[in-house]
Amino acid sequence: MGITILPPVVEDLVPRHDESDDSMSVGSDSDVEMSGIRAPKRARLGNLTVSTGVVTPGEVVTDDPQWMRGHGTYMTPLSTSIIATVAGTVHKTNKLLSVHPLRARYTPEIGDLVVGRIVEVQSKRWKVDVAAPLLAQLPLSAINLPGGILRRRTSADELQIRTFFSEGDLLVAEVQSVHQDGSASLHTRSLKYGKLRNGVFLAVTGTGGSGASSSSTKGGVGAGSLRPGAGAGVGGVVRSRRQVWTVSTHNGGGEVDVILGVNGYIWISKHADGAAAASSTTQNVSITRMEEMVSSSIYSSQNDNITPQTRREIARLAQCIQVLVQGGVRVDEETVMRAYEASLLVDLEVGDDEDEYEETRHEGREYLEGAKSRRILELVVQQAK
Amino acid sequence: MMADRRRINGPPGGTRPAVFASNSQSGTGATTRAQRQRQPSELRKIFLKTGLIPTASGSSYLEFEPSASLAAARANPKSLIPPSSALKLACTVHGPKPLPRSAAFSPNLVLTTHVKYAPFAARRRKGHIRDSSERDLGVHLETALRGAIIAERWPKSGLDITITILEAEDDRWWGDAPDSHDASWGMMNVLAGCITAASAAIADAHIDCLDLVAGGVAALVSDESAGSSAAPKLMLDTDPAEHRSILSACVVGYMPARDEITELWLKGDSSKASLEDGDKRTGHEALIDGAVDAARGAHTVLAEAVRESLLSAVGQL
Amino acid sequence: MSNQRQASSASQVPHLSPAELSYLYTSLSLPKSSIRPDGRSPTQFRPLTAETNILPGTNGSARVGFADGTQAIVGVKAEVEKTVLSNETVDARSEFGISEDRGEQEGSAAVGGHGSWVQMSIEIPGFRDDDALPVFLSEMMRESLVGAVGSAEASDMTGGLKGRLVINKRWHWRLYIDVLLLSQPLSYPLPLLSLTTHLALLSTKLPKLKSQGEEDPFFDDDWAVAEYLYPRVSLSSAKHSARSPFVRPPVTLLVISVGENIIFDPNREEIAVADAVLAISITRDSEAGNLKLLSIRTVDPPSRLTQPGIPNSENVNMLGAVASTEDVAVLNPATGEEEVPGVWRPRRGGVKRSVIAEMVKTVLKKGGVGEEVLEGLEGVEVS
C-alpha cells in the first residue's frame with residue numbers, strides 16, 4: 001500500500017465538569033483553594049502541599065501577602081495578589097510561588113548537555129542553534145584544539161575557524177554559563193563533546209520552562225501523559241541522570257549511541273569505539289593518548305563505514321522517539337528503551353499475522369505509524385505500571 | 001495578486017488594435033497561415049554572439065532565424081496579423097561578486113536569474129514588473145544552469161544573470177481562434193533560447209562549468225503540415241505559429257559531454273505519438289530524445305560561438 | 001530565512017551537516033533496499049488525513065494534513081464572467097464552423113475554454129506571494145489542470161476543465177483556486193498541495209444552469225441540484241470501465257532519485273540529498289483506464305547548494321593521524337564522479353535520460369505508484 005488517506009479523527013473531548021474546580025483543591029476541607037477567581041475572598045493557600053493545580057494567565061494565584069512571587073507570575077503594584085502570567089502548574093518552594101508552563105522553549109541552564117547546530121561563524125566564536133529563544137555562543141577558546149587540549153589558541157586557529165565547525169555542523173556540548181539575557185555559552189572541552197557524525201538528527205520538544213523535570217512529571221501530569229493521544233505537548237526530552245547511553249541493538253545492528261540533548265535535539269549514531277569508548281573511562285588514558293584521539297576524529301566530517309543493519313536500527317530508534325513524542329510521552333533513557341523493545345515485539349506480532357502475505361508488504365514494515373505506533377505506546381505504558 | 005509596490009500603474013487590461021472584418025475576411029491571402037517548410041528534424045538557424053555588452057562580466061545575444069513565411073510577409077505585408085515572430089534575446093552576467101553583508105555565508109556560488117520580456121516583445125504588451133510566467137521562466141533557467149556551474153569554486157560570491165527578451169516567440173498564430181491551443185508553447189522556445197544564451201554568457205564571464213548547457217525543444221504536432229494522417233508526429237524546434245495543433249512539447253537543458261539533462265519541462269498529452277514501426281519508446285521518451293537532439297544541434301552553435309569570441313580575443317592581443 | 005529567499009530556486013536549502021548528508025545519502029542509495037530515516041518503503045507515502053467540503057462559503061474545498069501537523073486548505077470559488085471575444089475569434093469560428101470539425105482535430109475544438117479562466121494562488125507562510133516557490137508551484141499545478149484534456153467519450157468533459165467552464169458563447173465560469181498552507185512547510189509542499197487541490201476540485205459544485213443556449217445565464221438557486229464540476233458517473237463512460245467512473249483532476253507527484261533508487265514523497269532531509277527531483281503530473285485516461293502523463297518538471301535539487309564534507313586525508317585538523325589508505329576514492333555509478341566513501345560532495349550536473357525514464361515508468365506502470373495514489377484518493381469520501 002503506497003498511500004494511506006484517513007478521515008480526520010475527532011478526538012474524544014471529555015467534557016470537563018464544573019466540579020473539577022473542587023477537585024483541584026487539595027484538601028476536601030477547602031482550606032487550600034487554588035481557583036482564586038471564583039472565590040477570591042476565600043482563596044488562601046495552605047503552606048503544606050505541593051500543588052497540582054493548573055492556572056491560566058491572568059488568574060489570581062493567591063492574594064495572601066505571605067507569598068513571594070517567582071517565575072511565571074506578576075504582582076500589581078497596589079495589591080498583594082499574585083497573578084499568573086503563563087498557563088501551567090503552580091509550584092511552591094518555601095515561600096516562593098512560581099508557575100511552570102507545561103511546554104515552553106528550552107531555557108538553558110548551566111551544566112545542560114545540549115545538541116546544537118552551527119548557524120553562524122564569527123571571527124572568534126560560533127553561534128549555535130540550541131532551540132532556545134536566543135542563539136548560544138561557542139567561543140573558540142572553549143573548544144579542544146587539535147594537537148592537545150592544553151594548547152593555546154593562536155591567530156592561525158582564528159583564521160581557519162571554519163575547519164573546526166562550519167555552518168550546518170552538529171555538535172554536542174555543555175552549557176558553561178548563562179548570560180543575563182538568557183543566552184547560553186557552550187564548551188566542548190571534553191572528549192565526550194564535539195562534532196557529530198555517523199548518525200541521524202532528530203528534533204523534538206525539549207525541556208520546557210525550568211522545572212518540567214522528571215520529578216514533577218511523576219505526578220498527575222506524568223500519569224496523564226502516558227495515555228496515548230491525550231495530553232499532547234507534554235512529551236519531550238526531560239532532564240535526567242543519563243542523557244547519553246549506548247544501546248546494543250537487535251537484528252545485527254551492533255551498538256548504537258543515543259544522545260538526548262536537554263534542548264530536545266537528539267543524535268542517534270553508530271557507537272564510536274576507540275576514542276569515545278575510552279573517554280567514559282578517562283582516568284586510565286594518558287594525556288598523550290588523548291591528544292592522539294582528539295586529533296584523529298574530533299573535527300572529521302567523514303562518516304565511517306556503517307552497515308545497513310546498523311542503519312536500520314538507527315532508523316528504528318529514531319522512529320520510536322517520534323512515536324513517544326507524538327503520543328505525548330516524555331523521552332528519557334527508560335522510555336526510549338522500552339519503546340525500542342516494544343517496537344521489536346510489535347514487529348514480531350505483525351510478522352506472525354501476515355506470514356509472508358505478500359513479498360512487497362515486507363518493504364514498508366519498518367514504518368511505524370497508526371496502529372503500530374499505538375501498540376508501541378500501549379506496551380510502553382503497560383510496562384510503566 | 002501581484003501588485004507593484006513602487007509605482008502606480010494604469011488600469012489593468014490592455015487595448016488591442018482594431019482588426020477590421022473586411023481586412024481579415026476578404027482576401028484569402030491575408031489569412032494564410034505560415035507553414036512549416038523545414039524537415040521534421042531540421043532546426044532553425046541560430047545567431048549567437050558573446051561579449052557584446054562591455055560593462056557586464058559576460059554577455060551574449062541570440063537570435064533565431066525567422067521562418068521563411070515571416071520574411072515574405074514582412075517584405076510584402078498583407079494583413080495586420082503577423083505570420084509569426086522569431087526569438088531575439090540578450091543575456092548579461094554580472095559577477096562573481098561578493099554577496100551583500102547581510103547575506104548568510106554560502107559555500108557555493110549563489111545564482112540569481114531574472115528573465116524579463118521587453119514590453120514590446122510579445123503581441124500583448126508586458127508590464128514592467130515581472131509577471132508569473134517570467135518568474136517561472138527564471139526558476140526554470142536557474143535549474144538548468146545550476147547543474148552546469150561548478151558552484152563550490154566560487155564560495156561566498158554571487159552571480160546575477162539577466163535576460164531581456166526583445167522579441168518573443170508566439171504561442172500560436174494570431175489568426176487562429178484563441179482556443180486553438182492556448183497553452184504557452186512559445187514560452188518553451190523562449191526557455192530553450194534563454195538556456196543557450198545564458199550558457200554562452202557564463203562561458204564569456206569565465207565561470208567554471210562542467211559543460212556548455214544547451215536548450216532544445218521538440219513537440220508532438222498533429223496538423224496539415226505534419227502530413228495527412230491525423231496521428232501526431234514528432235518535430236524538432238517547432239515554431240508554434242506554424243502549427244494548428246501542438247499536443248505536447250518538451251524543452252530540455254542538456255550537457256552533451258556528460259549526456260545529462262539539467263532541466264526538463266514536458267507538458268501535454270504525449271501518449272498518442274506515432275513513432276516508426278519497431279520503435280519501442282513511449283511518447284514522452286521520444287519527446288525527450290527529440291528535445292535532446294535539438295539541444296545537441298544548438299550546442300554546436302554554442303560551442304562555435306564561444307570559440308569564436310575566444311579566438312577573436314586572442315587575435316587582438 | 002534570508003538565505004532561503006536568496007537561493008531563489010524552488011527548493012529550500014535546509015542546513016544539514018556534511019556528515020548527516022553523507023549518512024542519509026548512503027542509507028537511501030543502498031542498492032535495492034534503501035533505508036529511509038522514517039522507515040518507509042521507497043514508494044510509501046506519509047499517512048494523511050483528508051476531508052472535503054469544509055468551507056461553506058466556497059464552491060468546493062478540502063483539507064489535508066500530515067501527521068507532523070503540516071496542513072493545507074484549498075478553497076475553490078467560481079464566478080460568472082463575460083467572455084471577451086476578439087474579432088479574430090469570430091472570424092475563425094465562422095470560417096471553420098463551430099461544431100463538428102473537432103472530431104478529428106482535438107485541441108482545436110471550438111468548445112475549448114481558455115487557460116486563463118483558471119486562476120490559482122498559493123499562500124505559504126514566510127514567503128511573499130511573488131517569491132519563486134509559490135509562483136513555481138502554482139504554475140506547475142495550473143499547467144496540468146488546464147492541460148488535462150478529457151477524451152471525447154466523457155462528453156461533459158470534452159476539452160478538459162477548460163471546456164467545462166464554458167457556459168455559452170458569451171459567458172463562462174472563472175475559477176479561483178486558493179491554496180493556503182497553514183504553517184511553514186516542513187518539506188517541499190508540492191504533494192500536499194496537489195492532493196488537497198485534487199480533492200477540493202472533486203468536491204466543487206456549480207449551480208445548475210436554468211437558461212438555455214445563448215441567453216444571459218441564470219441559475220437554479222437550489223444548491224441541492226447543483227452539479228459537480230467534475231461530473232459523476234455519466235452513462236457513456238460508466239460502461240467503459242467500472243474503475244474510473246468519472247474524469248478526475250490530475251495529481252502531481254514528487255519523485256526523487258538517490259543513487260539507483262527512486263523514492264516517492266520525500267521529506268525535507270531526503271530531498272536534500274537527492275540526485276534529481278522531478279514533479280510528475282498524471283491523470284487517469286478515461287478511455288483506456290490507464291494512466292496518462294500530463295507534465296514533467298525538474299525541480300532544482302537542494303543537494304547542489306550544500307556544504308561539502310572534507311575527507312580525513314585533507315582535513316588540516318587531522319594532522320595526518322589517519323592512514324591515507326582509508327580514503328580511496330571510488331566511482332559513484334549514479335553520478336559518475338569520484339567520491340571518498342563517507343564524505344559528502346554536493347551534487348553536480350544533471351540527470352541521465354535513463355533515470356528519468358525509469359522514474360516516469362515507476363509512476364505510470366500498471367499497479368505502479370500513480371495508480372496506488374489515485375486509488376487512495378478515490379477512496380476518500382467526497383461529500
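1. Helices (H or I, at least four residues) and strands (E, at least two) are runs assigned by DSSP and numbered from the N terminus. With that in hand, look at C:Asp265, which sits in the loop between strand 9 (261–264) and helix 8 (268–271) of chain C. Its phi is near 45°, a positive value in a residue other than glycine. C:Asp265 counts as buried because it has 28 C-beta neighbours inside 10 Å. Here a residue is buried if 20 or more other C-beta atoms lie within 10 Å of its own, exposed if 12 or fewer, and partly exposed in between, with C-beta atoms placed from the backbone.

2. A word on what you are looking at: this is a predicted model, in which local features need pLDDT of at least 70 and side-chain atom pairs count only at pLDDT 80 or more, while totals for chains, interfaces and linings use all residues. Residues are numbered from 1 along each chain as its sequence is written, and chains are lettered from A and ligands numbered from 1 in the order in which they are written.

3. Let's stay with chain C, which has 10 helices and 13 strands. Of its 383 residues, 54% are buried. Taking contacts in chain C with a separation of 6 or more, 66% are between residues 24 or more positions apart; two residues are in contact if their C-beta atoms, placed from the backbone, lie within 7 Å.

4. C:Asn53 is not a glycine, yet it has a positive phi of about 55°. Is C:Asn53 buried or exposed? With 20 C-beta neighbours inside 10 Å, C:Asn53 counts as buried.

5. Two strands pair if DSSP finds at least two bridges between them. Strand 1 of chain A runs parallel to strand 1 (residues 48–52) of chain C, joined by two bridges, and A:Ile5 has C:Leu48 as its bridge partner. Further along, strand 3 (residues 71–82) and strand 5 (residues 171–181) of chain C pair in the antiparallel sense over 11 bridges; there, C:Ala78 is partnered with C:Leu175.

6. How many residues does each of chains A and C bring to their contact? Chain A gives 49 residues and chain C gives 49 residues. On the side of chain A that touches chain C, helix 7 of chain A gives the most, with seven residues. The residues of that side divide into 18 nonpolar, 19 polar and 12 charged. In this count Ala, Val, Leu, Ile, Met, Phe, Trp, Tyr, Cys and Pro are nonpolar, Asp, Glu, Lys and Arg are charged, and the others, Gly among them, are polar.

7. C:Gly342 lies in the loop between strand 13 (337–339) and helix 9 (353–364) of chain C, and it is buried, with 24 C-beta neighbours inside 10 Å. Leaving out residues up to four places away in sequence, C:Gly342 touches A:Gln302, A:Asn303, A:Asp304, A:Asn305 and C:Ser22.

8. Turning to chain B, all 10 of the 10 residues of strand 8 (residues 246–255) are buried. Strand 8 of chain B is joined by eight bridges to strand 6 (residues 214–221) of chain B, and the two run antiparallel; B:Val221 stands opposite B:Ile246. Strand 8 of chain B also pairs with strand 9 (residues 260–268) of chain B, antiparallel and over eight bridges. These two strands form a hairpin with four residues between them, and B:Asp259 in the turn has a positive phi of about 50°.

9. B:Pro96 lies in strand 3 (residues 88–98) of chain B.
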